[in-house]
Amino acid sequence: AADFKVKGFSSLSVAQWIVKRCEFDRLYFYGDDRPIHVSFSPAKTREIVLMIQSQNEKNRLIPRRKSIETFLTFKK
């Protein structure tokens, strides 16, 4: 697994590029200005998880699974 951000590109555009072109197990998306977490395993489940900030607790992130189709339609 790796956490990374590509200088000069939005995290959303990099994450969508990965989803379209690469094999992966899980991709965690924390926001356009945050690093992406991508893991790889033989399972290659291609699971996408958005980490949404809680409205009630600033330090709490709530995971929400999204389909590939839904994630690819996200915009900034």
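I began with a side-chain pair: Ser41 and Asp25 make a polar contact through their side chains, at 3.5 Å. I note here that the model is predicted.

**Entry 1. Ser41.** I looked up where Ser41 sits. It falls in the loop that links strand 3 (36–39) and strand 4 (47–53). Is Ser41 buried or exposed? Its relative accessible area is 19%, so Ser41 is buried. The cut-off for buried is under 20%.

**Entry 2. Lys44.** I stayed in that loop. Lys44 also lies between strand 3 and strand 4. I checked its backbone. Lys44 is not a glycine, yet its phi is positive, about 45 degrees. I then checked its accessibility. Lys44 has a relative accessible area of 35%, so I logged it as partly exposed.

**Entry 3. Arg46.** Which residue other than glycine has a positive phi near 55 degrees? I found Arg46. Arg46 belongs to the loop between strand 3 and strand 4. Its relative accessibility is 27%, so Arg46 counts as partly exposed.

**Entry 4. Partners of strand 3.** I took strand 1 (residues 2–4) to begin with. Strand 1 and strand 3 run antiparallel, and three bridges join them.

Next I took strand 2 (residues 26–29). How many bridges join strand 2 to strand 3? I found four, and this pairing is antiparallel. Here Leu27 is bridged to Val38 in strand 3.

**Entry 5. The hairpin.** I followed the chain from strand 2 into strand 3. The two strands form a hairpin with six residues between them. In this hairpin, Gly31 has a positive phi near 140 degrees.

**Entry 6. Helix 1.** I turned to helix 1 (residues 11–21) and listed its buried residues. They are Ser11, Leu12, Val14, Ala15, Gln16, Ile18 and Val19. What covers the buried residues of helix 1? I found that the cover includes strand 1, strand 2, strand 3 and strand 4. Helix 2 (68–72) is also part of that cover.

**Entry 7. Recap.** Ser41 is buried and its side chain contacts that of Asp25. Lys44 is partly exposed and has a positive phi. Arg46 is partly exposed and has a positive phi.

How values were computed:
Residues numbered from 1 in each chain as written. Predicted model: local features only at pLDDT ≥ 70, side-chain atom pairs only at ≥ 80, totals over all residues. Heavy atoms only, no water. Buried < 20%, exposed > 50% of the residue type's maximum accessible area, 1.4 Å probe, protein only. Polar contact = N/O pair within 3.5 Å; in protein donor to acceptor, adjacent residues only side chain to side chain. Pairing = 2+ DSSP bridges. Contact = heavy atoms within 4.5 Å.
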